[in-house]
Amino acid sequence: MGSYIGAIDQGTTSTRFMIFDEEGREVARHQLEHAQIMPQPGWVEHDAREILRNTEAAIAGAMARAGLRASDLAAIGVTNQRETTVAWNPRTGEPCGNAIVWQDTRTEELMRAHRERGEEERVRERTGLPLSTYFAAGKMEWMLTEHPELRRAAARGAAVFGTIDSWVIWNLTGGADGGAHVTDPSNASRTLLMDLRAGAWDPELADLFGVPMEMLPAIRPSSDPQAYGLTRAGGPLGGEAPVCGALGDQQAATMGQVCFDPGEGKNTYGTGNFLLVNTGTERIRSTAGLLTTALYRLGAGGLTYALEGPIAVTGSAVQWLRDQLGVIRDAGEIEALAASVPDAGGIYFVPAFSGLFAPHWRPDARGAIVGLSRFHTRAHLARATLEAICYQTRDIVEAMVRDSGRPLEVLRVDGGASVNNLLMQMQADILGTPVVRPKVTETTALGAAYAAGLAAGAWRGLADLRRHWQADAEWMPRWSADQREAGYAGWRRALKRTLGWSTSQENPE
């Protein structure tokens with residue numbers, strides 16, 4: 001058996017393959033971006049075939065850089081953008097149209113209809129989730145409603161559904177030639193179709209959304225040597241390697257941050273922000289607008305749960321400054337530009353491009369920049385964009401405190417934007433809480449590698465993984481309490497200005 005662990009990290013904007021050694025150190029990586037397809041306002045799609053091509057190219061690139069063969073890999077783990085949904089023909093491997101991305105809001109009317117029929121309480125009780133455009137079942141319902149031929153194809157075994165983990169694993173393990181149609185509890189729990197207590201598909205929920213059960217993948221443990229299968233010999237690895245770990249991206253990052261005990265949590269700064277806190281075997285129902293979700297299932301063990309606060313738009317707001325406005329040429333420029341002014345000059349940017357996720361759950365919200373005058377420059381807008389990331393995170397932390405009754409003592413951070421030192425200092429200032437970044441910030445891929453490596457026996461257990469975690473930097477709050485609360489009060493005022501824009505009349509908070 002090989003001594004290296006591979007991890008496919010299929011994210012919202014790119015796909016990477018990373019290789020780690022037995023100490024959890026990065027050996028090699030290769031990463032490719034894919035197109036963001038936006039056919040109309042509120043719609044976000046991905047080409048599943050492009051994602052697959054990039055996945056294969058990323059694997060080939062990283063393996064070539066490391067000078068490794070498939071036999072050198074003890075295991076492969078997969079982590080992915082979670083709620084993004086794709087349908088495909090399992091006989092041919094062809095997608096039935098583009099994947100609908102988690103940020104997409106086209107299902108707003110469908111979700112409203114479910115709420116008006118009084119279905120939210122039943123759904124939330126069984127799944128831990130609200131009826132929101134965010135989750136996969138609404139995307140499946142939309143596809144089946146708009147494309148009735150898809151339902152007819154499913155009846156004859158010519159169409160199946162999956163989140164991106166299912167699509168990638170099915171193709172890796174053989175595709176139309178016996179590929180495994182599977183998912184894990186962390187991804188299944190993001191569909192609105194999984195009974196959170198049982199960790200299994202709920203036939204009544206599937207019926208509620210009109211999704212045929214036979215279209216859904218089998219739910220397998222997040223880490224299990226028998227869970228998924230071997231890569232096909234003719235694939236990008238050039239040989240067979242065991243695929244034995246799968247986790248949704250945020251659960252993977254939580255594992256990569258070794259948050260294995262109840263009360264331990266992390267915040268990932270990516271396309272969106274995602275703050276998760278491990279709650280152990282206890283399913284805590286949030287009363288403050290957070291999600292109850294499956295964190296992982298390791299082998300034959302029971303489910304471990306988490307409270308989660310997802311934020312739709314954080315890093316993608318920086319991309320918007322770059323791609324749509326031309327304020328910066330490269331995302332890395334924003335730190336220096338924002339640091340060129342002492343503050344945002346009283347402006348607030350609420351990037352509610354896809355509505356507001358936790359803890360507000362307002363699909364009718366849309367983005368707004370408030371407080372502008374001729375004094376303000378692109379530097380002020382850059383700083384307000386970074387502040388928006390931090391203020392949205394504070395909204396989640398406030399909700400976590402209300403649910404748990406305990407203050408946050410320290411915030412562990414990871415993800416691409418966590419390398420922005422100014423952003424991390426601003427986060428500590430706005431929260432009034434120390435912020436700690438680990439030496440390995442790519443914790444999403446690392447968590448997938450951990451899940452696979454545990455299954456393959458590369459590591460003996462969770463305690464074996466804890467010794468790999470090391471702090472890289474820490475930021476302490478510098479703002480006074482008065483400055484912090486004044487800034488947050490302004491944010492709350494700005495946030496209210498975003499509500500009601502996608503409906504015919506305003507619906508204030």
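Colleague: Why is Cys244 called buried?

Modeller: Buried means under 20% relative accessible area, exposed over 50%, and partly exposed in between, with a 1.4 Å probe and protein chains only. Cys244 has a relative accessibility of 2%, so Cys244 counts as buried. This is a predicted model, in which local features need pLDDT of at least 70 and side-chain atom pairs count only at pLDDT 80 or more, while totals for chains, interfaces and linings use all residues. Residues are numbered from 1 along each chain as its sequence is written, and side-chain values use heavy atoms, with hydrogens and water left out.

Colleague: How many disulfides does the whole structure have?

Modeller: A disulfide is a pair of cysteine sulfur atoms within 2.5 Å. The search of the whole structure finds zero.

Colleague: What makes β6 and β8 a pair?

Modeller: Strands (E, at least two residues) are DSSP runs, numbered from the N terminus. Two of them pair if DSSP finds at least two bridges between them. Strand β6 (residues 85–88) is joined to β8 by four bridges, so the two strands pair, and they run antiparallel. Val86 stands opposite Gly162 in β8.

Colleague: Which way do the residues of β8 point?

Modeller: In β8 (residues 160–163), Val160 and Gly162 point one way and Phe161 and Thr163 the other way. All of these are buried.
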